[in-house]
Amino acid sequence: MSDEEQPDPPARGGPGSLRWWMTDRHGDVVLGQFPNPALAVWLVATVLRWTGVLDDESADTARDIGTGALLVWALDEIVRGATPFRRLLGAVVLVPVVVGLVI
């Protein structure tokens, strides 16, 4: 199909509409995508720390790796998030990560 024959995506409404927050530019509802490598790294690092199998130095390293991965994920969502909700979520996560790094 050529571009002229492509059907228009459904109307998204405005920022007051839940559909606007949850749909991408093509009209598809997108809340999450798999796989997400940065979130996977953060999750593995967090689980390793919670299990207590790491010594203190390794746990600190896992925390730092997890924080870096979460920072990358948040920035990526702000820049390339498929929906306004995902871009906002990236910003919401970025704030406490940066505050934690500064304090």
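Predicted model: local features only at pLDDT ≥ 70, side-chain atom pairs only at ≥ 80, totals over all residues.
A word on the ground rules. Local features need pLDDT of at least 70 and side-chain atom pairs count only at pLDDT 80 or more, while totals for chains, interfaces and linings use all residues. Residues are numbered from 1 along each chain as its sequence is written, and side-chain values use heavy atoms, leaving out hydrogens and water.

Let's begin with the fold. The protein chain has four helices and zero strands, in the pattern α-α-α-α along the sequence. Helices here are DSSP runs of H or I with at least four residues, strands are E runs of at least two, and both are numbered from the N terminus.

Of the 103 residues, 24% count as buried; buried means under 20% relative accessible area, exposed over 50%, and partly exposed in between, with a 1.4 Å probe and protein chains only.

Now to helix H4, residues 84-102. Beyond its neighbours within four places in sequence, Arg86 contacts Val30, Leu31, Gly32, Gln33, Glu77 and Gly81, contact being heavy atoms within 4.5 Å.

Val95 also lies in helix H4, but Val95 counts as exposed because its relative accessible area is 51%. Together with Val98, Val99, Leu101, Val102 and Ile103, Val95 makes a nonpolar surface patch of about 610 Å². Areas come from the Shrake-Rupley method with a 1.4 Å probe, and for residues only the protein chains shown count as cover.

Definitions and conventions. Patch = residues over 30% accessible without salt bridge, like charges linked within 9 Å, V, L, I, M, F, W, Y side chains within 5 Å. Salt bridge = Lys/Arg side-chain N within 4 Å of Asp/Glu carboxyl O.
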